[in-house]
Amino acid sequence: MPSSRDIDPAGNARGIDRRHFLQLLGAGGAGVAGLGVLSLPGVAWAETMDAITLGDRINQLGIAYHGSSYNWAGNCQAAQFWAERAVGLSDSQIQTYSTARAAYYASSIASKDMASAPAGSFSYYDASSAGHVVTNIGNGYCINTSSLADGTHYYEFGHGLYISRLADYKGGPYLGWSYKNGSNPRIPVQAWTPNGSGGGTTWAWNAPDSYTQARIQKALAARGRYSGPIDGVWGVNSIKGIQITCANVGYTGPIDGVPGPNTCHYVQVYAQRFGSYTGPIDSILGPNSWNGFALGLERP
C-alpha cells in the first residue's frame, strides 16, 4: 500500500537557462552526469565549488571513462585533466600532457612556498622521471593521487584519490606551485580545512559515492520517481526524483534537477524523519545524510 511518501506533488519540471544552471552547479554541486545530459559547452564558470564535490566529480568522471577497476596511482596528470572536465571544460579546450613533468615545464611557477598555494592552483614535485602534480585546495591541502602520503589522508574519495597535506608528500622535493597546469586554467574551488569547512558556504550538495547513488536510484525507481539507468551516476532526472521525494516533507521549490540550499535542507529533513540520520539540519550533506535518505526511501 502506498505511503504518504509515495504521493507525488503536482507540478512540472521547470526550465532553467544554462548560465543559471552553471551558477547553481558550481556553488553546490550536482551529479556529473548532468553535464553530459545537458550537452553543456565546456566553459568553466566563475563560481566556485567545494573541494569534496570537486574530488567526487574527478573520481566519477575518471571511473566512468576508464572503468570500475581504475586506480589513480601513477595517474596524477590524468587527474588534472578530469579536474578541468569536472568544472566545465570540454576535451577540445584542455591541453593534454603525457606526464606531470611535461605540464610542469609548460607552467610558470609562481612560488616555491607551499603554504601560500591558493585553492585551484597546482603544485609540482620532483618525483621520478614523470614528476608529480596535485590540485591545491588551499590552507596547505591538496587533492592527491599518491599513496606516498599514506597515513596523512584527511578524506578518501576511493580508487586512490585523497585529500592530503602538501607537506606530507614523500615522493620527492617540492618544485613550487603555478596558477595553471601547463596552459590549462586554475580550478574554481573553495579553500578547504579538515573540519569540513569549504569556504563559508551555507549549503553543500556533496553527492555520495556511486554505491549510495545507485541505492537511491533503485529506491526512487521503486517509488515511480525515476526511470533511468541504475548506474550510480546521478544526472538531472535522478535529482528530480530526490526533489519529488523532498516535497513530501516540505520542499516547495522547483522539480528541475538543480540542487540548492532548500533541496539540501529537505534531504536531511527526510533522512531524519524516515531514515537513520541524527545529525544537524544544516544543509551540508555528507555520508550520514545520504545514508539516512537512502534508508528512508528503502523502508516500506
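Trainee: Is the crossing of H7 and H8 left-handed or right-handed?

Mentor: This is a predicted model: local features need pLDDT of at least 70, side-chain atom pairs count only at pLDDT 80 or more, and totals for chains, interfaces and linings use all residues. Residues are numbered from 1 along each chain as its sequence is written, and side-chain values use heavy atoms, leaving out hydrogens and water. A crossing is left-handed if the near helix is turned anticlockwise from the far one by less than a right angle, and right-handed if clockwise. The crossing of H7 and H8 is left-handed.

Trainee: How many helices and strands does the chain have?

Mentor: Both are DSSP runs, numbered from the N terminus: helices are H or I with at least four residues, strands are E with at least two. The count for the chain is 9 helices and 6 strands.

Trainee: At what angle do H7 and H8 pack?

Mentor: Axes are lines fitted to C-alpha atoms, for helices over the stretch in contact, and angles run from 0 to 180 degrees between N-to-C directions. H7 covers residues 236-246 and H8 covers residues 261-274, with axes 9 Å apart and an angle of about 60°. That makes the pair oblique, since angles under 35 degrees count as roughly parallel, over 145 as roughly antiparallel, 65 to 115 as roughly perpendicular and the rest as oblique. The angle again: about 60°.

Trainee: Are H7 and H9 roughly parallel or roughly perpendicular to each other?

Mentor: Their axes lie 12 Å apart, at an angle of about 75°. H7 and H9 are therefore roughly perpendicular.

Trainee: Which residues in H9 does H7 meet?

Mentor: The H7 side of this contact is Ile242, Thr245 and Cys246. The residues of the contact divide into 5 nonpolar, 1 polar and no charged. On the H9 side they are Trp290, Phe293 and Leu297.

Trainee: What do the buried residues of H9 pack against?

Mentor: Buried means under 20% relative accessible area, exposed over 50%, partly exposed in between, with a 1.4 Å probe and protein chains only. In H9 the buried residues are Ser289, Trp290, Gly292, Phe293, Ala294, Gly296 and Leu297. They pack against H6, H7 and H8.

Trainee: How far apart are the end C-alpha atoms of H8?

Mentor: The expected span of a helix is 1.5 Å times one less than its number of residues. The 14 residues of H8 should therefore span 20 Å. The model agrees: the end C-alpha atoms are 20 Å apart.

Trainee: Is asparagine 206 buried or exposed?

Mentor: Asparagine 206 lies in the loop between strand E6 (174-178) and H6. Its phi is near 45°, a positive value in a residue other than glycine. With a relative accessible area of 12%, asparagine 206 is buried.

Trainee: What is the relative accessible area of serine 128?

Mentor: Serine 128 sits in the loop between strand E1 (122-125) and strand E2 (132-138). Phi is positive here too, about 55°, although serine 128 is not a glycine. Serine 128 is exposed, with a relative accessible area of 56%.

Definitions and conventions:
Contact means heavy atoms within 4.5 Å. Ala, Val, Leu, Ile, Met, Phe, Trp, Tyr, Cys and Pro count as nonpolar, Asp, Glu, Lys and Arg as charged, and the others, Gly among them, as polar.
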